[in-house]
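Please keep the sequence and the structure in view while reading.

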Amino acid sequence: MKKLLLICGVVVLLGGCSDIVLRKDLHERVAFSSEIKEGDYNLYFYKLNYPDNQQDKLDYLNNFKEFLNKNPHKNYIVPVEMGKDILSIINNGGYGEEKLAFKSGADLNEEERNSLKVLTEDIDVPKGGGEIQENINRQYYLLLTLEERAEEYDGNSYYTELDKEKIITDLLIERKELKEALKTNFKNFIFSYDNEFKNLENGIYFPDKIQGVKSNLLIINKKGYSGYEIKNNKIVFYPGNEGKDLEGFRNFDFNSEIINLDLEKTKTVNTMGLEISDLNSWKSLDVSGGNN
């Protein structure tokens with residue numbers, strides 16, 4: 001009799017609890033296009049500190065080239081200005097102050113002309129040559145200065161776009177190894193958010209929520225959060241180990257950390273860890289959701 005009553009009680013309980021909903025598993029079952037199997041992984045994000053001065057930028061980029069050759073396939077967070085310079089170098093353009101000299105003298109806008117005058121304020125230019133000729137002479141002097149050949153400049157000469165092109169060609173030849181190092185490691189560069197980067201598929205780093213970026217991988221250094229989650233079909237990483245621990249995938253655990261990188265003091269970085277580019281393509285194994 002007791003068994004019968006117990007069974008009846010269970011039936012009544014289940015039948016009368018239609019308002020009770022079992023907790024939904026918020027973890028997604030996923031598969032990555034790379035060789036990443038289920039398990040635990042570490043991601044190290046090495047944050048770079050880019051200088052402001054043009055000569056310091058040149059020295060920094062040359063040091064970064066050597067560092068990349070010794071530490072390839074790592075995740076580097078690049079500041080906005082460095083990101084713009086990297087894209088410009090890869091596209092055979094000038095970077096920083098050079099951009100003023102790489103453009104045609106006839107195409108400079110008022111702001112660029114004023115900036116060029118400030119950088120070359122102490123030189124003489126041919127009288128009666130007109131504004132475009134003045135621009136070209138100032139651009140030529142700037143290029144000579146960057147090549148440490150400023151003493152070759154003659155304020156009475158009428159320099160041409162061809163004269164500029166010869167120096168620019170030499171600069172690009174000297175920069176070939178740097179360009180190749182940047183291109184080789186580009187897929188693991190994480191760009192600090194800027195409109196110039198919102199259409200890149202690389203990882204995007206920013207301090208808080210943001211919308212409208214193409215990237216499938218977002219890194220937010222947000223106090224009180226750690227781990228990762230899925231938002232709008234994007235993987236959002238919260239580096240660190242303090243605060244609310246978030247997990248988004250079933251049978252995967254991703255731990256991430258941001259490390260400030262001093263190129264002058266550091267020769268090598270952690271050889272272990274996952275490349276963020278390996279996570280850029282994933283698909284959901286559940287009925288809905290996912291990113292291809």
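## Terms and model

A helix here is a DSSP run of H or I with at least four residues, and helices are numbered from the N terminus. The model is predicted.

## Overall make-up

The protein chain comprises 8 helices and 11 strands. Its 292 residues include 42% that count as buried. The accessible surface is about 17000 Å², and carbon and sulfur atoms contribute 48% of that area.

## Salt bridges within helices

Side chains of opposite charge can pair when their charged atoms come close. The whole structure contains 13 salt bridges. One of them joins Lys 84 to Glu 81, at 3.9 Å from N to O. That value falls inside the 4 Å cut-off for a salt bridge. Both residues belong to helix α3 (residues 80-90), and because they are 3 residues apart there, about one helical turn separates them. Glu 81 is partly exposed, at 41% relative accessible area.

What is the relative accessibility of Lys 164? Lys 164 has a value of 1% and counts as buried, whereas Glu 161, at 32%, counts as partly exposed.

## Other salt bridges

Glu 112 and Lys 103 form a salt bridge in which the closest N and O atoms are 3.0 Å apart. Glu 112 is buried, because its relative accessibility of 18% is under the 20% limit. Lys 103, with a relative accessible area of 31%, is partly exposed.

Salt bridges also link three residues into a network: Lys 65, Glu 66 and Glu 177.

## Packing of α3 against α8

Helix α3, which holds the Lys 84 and Glu 81 pair, packs against helix α8 (residues 176-185). The angle between the two is about 115°, and their axes are 9 Å apart. The two helices are therefore roughly perpendicular to each other. Their crossing is left-handed.

Which residues make up this meeting of helices? From α3 come Ile 86, Ile 89 and Ile 90. From α8 come Leu 178, Lys 179, Leu 182 and Lys 183.

Lys 57 is part of helix α2 (residues 54-70). Is Lys 57 buried or exposed? Lys 57 is buried, since its relative accessible area is 8%. Leaving out residues up to four places away in sequence, Lys 57 touches Tyr 50, Pro 51, Asp 52, Asp 85, Tyr 95 and Gly 96.

## Surroundings of Val 236

Val 236 sits in strand β8 (residues 234-238) and is buried, with 3% relative accessible area. Apart from neighbours within four places in sequence, Val 236 contacts Leu 218, Ile 220, Gly 227, Tyr 228, Glu 229 and Lys 231. Ile 220 is 16 residues from Val 236 in sequence, and their C-alpha atoms are 7.1 Å apart in space.

Notes. Residues are numbered from 1 along each chain as its sequence is written. This is a predicted model: local features need pLDDT of at least 70, side-chain atom pairs count only at pLDDT 80 or more; totals for chains, interfaces and linings use all residues. Side-chain values use heavy atoms; hydrogens and water are left out. A salt bridge is a side-chain nitrogen of Lys or Arg within 4 Å of a carboxyl oxygen of Asp or Glu. Buried means under 20% relative accessible area, exposed over 50%, partly exposed in between (1.4 Å probe, protein chains only). Accessible areas come from the Shrake-Rupley method with a 1.4 Å probe; for residues, only the protein chains shown count as cover. Contact means heavy atoms within 4.5 Å. Axes are lines fitted to C-alpha atoms, for helices over the stretch in contact, and angles run from 0 to 180 degrees between N-to-C directions. Angles under 35 degrees count as roughly parallel, over 145 as roughly antiparallel, 65 to 115 as roughly perpendicular and the rest as oblique. A crossing is left-handed if the near helix is turned anticlockwise from the far one by less than a right angle, and right-handed if clockwise.
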